[in-house]
Amino acid sequence: MQLISLPYDPSALEPVISASTLSFHHGKHLQAYVNNLNAALPGTPYERLPLEDIVRKADGAIFNNAGQILNHNLYFTQFRSPRQDNAPTGPLSKAIKAQFGSFEDFKAEFAAKGAGLFGSGWVWLSSDAEGNLHITQEPNAGNPVTKGFTPLLTFDVWEHAYYLDYQNRRPDHLNSLWSIIDWDVVGKRYNG
Ligand code: MN
């Protein structure tokens, strides 16, 4: 398993996510999960499986480290530089309006579930086989692939994702993320 490269410059997400937070989060935290998984995999039945299959099948330390790699790969590749009036388009936009009433209502529910998750974990938007959307809270290394869903969008609510920039103000951090979501990437995850 290799550490993914970021598809943007380390300062590209400022002021929402500082270059300092990004470099620690990607270069130290995610690198540690990669190192831990690479140390744990040899000689196990998961050694040659794709990452998503490891997350679906493993438990214990292998699940935790593989889950965190999958989660962060999806997280880091869903961002681009800040822009105003940032919103989804196409089929994903229609599905969000149909299920949540409006994009604003969706954002409020998603951010509230992230703010309300006790301890460390992730809030996810995912889709099921019928194309229905789900917002779920996943503790620790959880990913909706274990529920049979396709992960689309995620906010990392571990403190390491925001503490350098926002200290204890998790809700402020989560609300700031809407301006850097790359909805082209998220929409492609939905359209398959
Ligand atoms: Mn993280």
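**Figure 1. The left-handed crossing of helices α1 and α3.** The crossing of α1 and α3 is left-handed, a term for a near helix turned anticlockwise from the far one by less than a right angle, with right-handed used if clockwise. This is a predicted model, in which local features need pLDDT of at least 70 and side-chain atom pairs count only at pLDDT 80 or more, while totals for chains, interfaces and linings use all residues. Residues are numbered from 1 along each chain as its sequence is written, and side-chain values use heavy atoms, with hydrogens and water left out. Helices are DSSP runs (H or I, at least four residues) numbered from the N terminus. Helix α1 spans residues 19–40 and helix α3 residues 60–76; they pack at an angle of about 145 degrees, with axes 9 Å apart. Axes are lines fitted to C-alpha atoms, for helices over the stretch in contact, and angles run from 0 to 180 degrees between N-to-C directions. Contact (heavy atoms within 4.5 Å) involves, among others, Leu 22, His 25, Leu 30 and Tyr 33 of α1 and Ile 62, Asn 65, Ile 69 and Phe 76 of α3. By class, the contact of α1 with α3 has 11 nonpolar, seven polar and no charged residues. Here Ala, Val, Leu, Ile, Met, Phe, Trp, Tyr, Cys and Pro count as nonpolar, Asp, Glu, Lys and Arg as charged, and the others, Gly among them, as polar.

**Figure 2. Packing of helix α4 with helix α8.** Helices α4 (residues 90–100) and α8 (residues 183–191) pack at about 80 degrees, and their axes are 8 Å apart. The angle therefore makes α4 roughly perpendicular to α8, a label given to angles of 65 to 115 degrees. Pro 91, Leu 92 and Ala 95 of α4 meet Trp 183, Val 186, Gly 187, Tyr 190 and Asn 191 of α8. This contact has six nonpolar, two polar and no charged residues.

**Figure 3. Packing of helix α4 with helix α5.** The axes of α4 and α5 (residues 103–115) come within 8 Å and cross at roughly 75 degrees, which means that α4 is roughly perpendicular to α5. The contact is formed by Ile 96, Lys 97 and Phe 100 of α4 with Phe 103, Asp 105, Phe 106 and Glu 109 of α5. Its residues divide into four nonpolar, no polar and three charged.

Figure 4. The domain assignment, automatic or from a database, gives domain 1 (19–76) and domain 2 (90–191). Their C-alpha centres lie 20 Å apart, and the contact takes 18 residues from domain 1 and 19 residues from domain 2. The area buried between the domains is about 1500 Å², of which carbon and sulfur atoms give 62%; buried area is the accessible area (1.4 Å probe) that two parts lose on being put together, summed over both. In domain 1, Thr 21, Leu 74 and Tyr 75 lose the most area to domain 2, together 38% of what that side buries.

Conventions: Helices (H or I, at least four residues) and strands (E, at least two) are DSSP runs, numbered from the N terminus. Angles under 35 degrees count as roughly parallel, over 145 as roughly antiparallel, 65 to 115 as roughly perpendicular and the rest as oblique.
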